[in-house]
Amino acid sequence: MTFWLLLLLGLITYTILQRSVSRITRTPVWLLWLVMMTPALVLSAWTAIAGDDGSVPALVAIVIFVVCFSLYLWLLYLGRPKSSPPPATPSNSPNAPTATAVSNGPERQSLVSKLRPIAPAEESRLRNCFNWSVFALQNLEYLPQAVVCRGQLRTSPDRAYQTIRHNVEQQFGDRFLVVFQEGPNRKPLFVLAPNPNAKTASSETTHRPGLAGALLVVTLFTTTVAGAEFMGITTETWQSEPNLLLRGLPYSLSLLAILAFHEGGHFWAARWHRLKTTLPYFIPIPFFLGTFGAFVQIRSPMPHRKALFDVSVTGPLVGFLVTLPLLWWGLGHSEVVPASAQSGLLNFDELQPSFSLLLSLVCKAVLGGALDPQKAIDLHPVAIAGYLGSILTAFNLMPIGQLDGGHMVHAMFGRRTASAIGQVTRLLMLMLALIHPELFLWTLLLFLMPLRDEPALNDVTELNNGRDFLGLVCLFLLAVVILPAPRMLLG
């Protein structure tokens with residue numbers, strides 16, 4: 001089991017590093033991957049050598065984690081490419097450089113013309129897009145592949161964005177993405193960036209039912225095999241008697257239903273906001289749980305923070321509404337067994353529910369007095385799926401970066417505050433991992449993820465009270481799932 005968990009963690013870690021930091025550093029991804037995997041490898045080796053009684057001291061675990069994470073940040077910073085100076089602006093711009101900065105020959109002028117999103121002759125058209133009564137334009141700043149428009153907001157953020165975006169579309173069509181966000185001084189500003197889908201938006205194919213269907217069939221098979229193994233049916237047994245493989249269907253269908261409703265919530269929320277999105281794609285793996293989850297790809301930029309909130313929150317909530325009854329029914333058909341030294345969070349034959357307040361409450365309601373601190377639960381396959389669904393909900397609701405919870409707090413509080421919340425969440429998870437070492441791999445993944453996600457096009461207009469309240473409910477749900485049960489409840 002430890003080998004498969006390390007392999008799965010290694011694949012996840014490498015994928016995250018490849019997608020998140022390979023573009024911002026020249027340090028080899030394999031070296032960063034090796035540094036971030038070192039704590040998991042060292043702690044696993046420690047446990048394997050020392051045996052069940054040789055638990056890793058908390059101080060040793062903290063030192064290993066801090067040293068490796070500091071080395072990771074140093075390697076990341078060491079490989080960052082030096083930023084090139086911004087391209088020159090025309091002489092009639094308020095931020096125009098001196099003549100010596102632009103008179104570097106035809107090669108320099110050709111490079112500037114390629115980097116600039118608009119030609120110098122088009123600047124007057126761009127300035128006319130900003131009405132003084134809506135957003136009083138003060139200056140334009142030309143960056144590689146973007147134009148930053150700074151000024152004074154004179155109306156509501158929503159009205160300002162709609163007006164300026166309409167004016168830009170009238171002047172330039174769908175050539176630009178108009179982004180409205182807060183600058184470093186918390187003053188709203190507009191950013192115009194080239195629209196990568198300007199010419200291909202009508203011809204791009206987002207739905208691939210053949211691929212989605214094939215992945216679903218393969219994942220159904222791998223999860224059915226995993227479910228049969230949870231029932232004690234080995235590979236050799238079901239290969240000789242294929243009918244026994246059907247005993248893995250309760251786990252498989254329950255888990256796929258949770259994943260399907262979770263990703264379906266994202267899909268339909270995106271469609272309701274008229275965003276281009278793919279069908280849900282399931283990820284099969286031929287070991288352990290049988291699947292690595294599912295995902296949908298949203299191909300359109302988020303128009304505003306309300307859409308960002310709706311799309312991010314709908315998935316975990318819909319998935320949890322399916323998870324809870326499956327967990328309830330599965331626990332009702334599970335067995336209470338004596339606890340042993342092997343009892344823990346990932347032992348489905350001897351699960352200790354005390355690490356989760358939600359799981360403890362459900363167990364109290366379903367099993368009643370049959371469960372006490374000296375007992376564990378041998379989970380029914382449906383209960384395993386429900387248990388994994390609760391973990392999936394909690395992980396996605398983590399308010400960090402690209403996770404659903406990260407998008408949610410971004411929509412609620414803005415990108416700057418969301419980054420601070422994500423950093424605090426990382427530290428709290430590290431403290432929790434010292435109490436439950438099984439959460440260390442989870443914590444390591446959170447430290448690998450970037451704290452910030454992409455801004456919405458209108459990233460200034462705030463949410464309404466109803467969405468803010470729903471977001472607080474989701475954060476409360478996260479706390480209920482992940483916080484340990486109090487001793488009074490366990491007694």
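The side chain of His-262 places a polar atom 3.4 Å from the backbone oxygen of Gly-315. A polar contact here is a pair of N or O atoms within 3.5 Å; within protein, one must be able to donate a hydrogen and the other to accept it, and residues adjacent in sequence count only if both atoms are side-chain atoms. The model is predicted, so local features need pLDDT of at least 70 and side-chain atom pairs count only at pLDDT 80 or more, while totals for chains, interfaces and linings use all residues. Residues are numbered from 1 along each chain as its sequence is written, and side-chain values use heavy atoms, with hydrogens and water left out.

His-262 belongs to helix α10, residues 249–272; helices (H or I, at least four residues) and strands (E, at least two) are DSSP runs, numbered from the N terminus. With a relative accessibility of 3%, His-262 counts as buried, a term that means under 20% relative accessible area, whereas exposed means over 50% and partly exposed lies in between (1.4 Å probe, protein chains only). Not counting residues up to four places away in sequence, His-262 touches Gly-315, Pro-316, Gly-319, Leu-392, Asn-396 and Asp-404, where contact means heavy atoms within 4.5 Å.

Helix α10 itself has 24 residues and spans 33 Å from its first C-alpha to its last, close to the 34 Å expected at 1.5 Å a residue; the expected span is 1.5 Å times one less than the number of residues. Just after α10 comes Arg-274, with a positive phi of about 60°, although Arg-274 is not a glycine. Arg-274 is found in the loop between α10 and β5 (281–284), and its relative accessible area of 78% makes it exposed.

The structure holds 14 aromatic pairs; rings of Phe, Tyr and Trp (its six-membered ring) pair if their centres lie within 6.5 Å, and planes under 30 degrees apart count as stacked, over 60 as edge-to-face and the rest as tilted. One of the pairs joins Phe-221 and Trp-238 edge-to-face, at 6.2 Å centre to centre and 80° between the planes. Because Phe-221 lies in helix α8 (residues 209–230) and Trp-238 in helix α9 (residues 235–240), this pair ties together parts that are 17 residues apart in sequence. Phe-221 is partly exposed at 44% relative accessibility, whereas Trp-238 is buried at 13%. Phe-230 and Tyr-251 form another edge-to-face pair, 5.1 Å centre to centre with 85° between the planes. Phe-230 lies in α8 and Tyr-251 in α10, so the pair ties together parts that are 21 residues apart in sequence. Phe-230 is partly exposed, with 22% relative accessible area, and Tyr-251 is buried, with 0%.

Helix α8 also contains Thr-219, which is buried at a relative accessible area of 0%. Leaving aside neighbours within four places in sequence, Thr-219 is in contact with Leu-256, Phe-282, Ile-283, Pro-284, Gly-290 and Thr-291.

The description now turns to the strands. Strand β3 (residues 176–182) is mostly covered, with six of its seven residues buried. β3 pairs with strand β4 (residues 188–194) in the antiparallel sense over seven bridges; two strands pair if DSSP finds at least two bridges between them. Val-178 stands opposite Leu-192 in β4. The hairpin of β3 and β4 has five residues between the strands, and there Arg-186 takes a positive phi near 65°. In strand β2 (residues 146–153) lies Leu-153, which is partly exposed with a relative accessible area of 22%. Beyond its neighbours within four places in sequence, Leu-153 is in contact with Val-134, Phe-135, Ala-160, Phe-180 and Pro-188.

In soluble globular proteins, nonpolar side chains tend to be buried together. A nonpolar core is a set of buried Ala, Val, Leu, Ile, Met, Phe, Trp, Tyr and Cys residues joined through side-chain atoms within 4.5 Å. Of the 65 residues in the largest nonpolar core, Leu-331, Leu-379, Tyr-387 and Trp-442 touch the most other members. Among the elements that give two or more residues to this core are α10, α11 (305–332) and α13 (381–396), and α11 gives the most, with eight residues. Apart from this core lies another, of 28 residues, among them Phe-135, Leu-140, Cys-149 and Phe-190.
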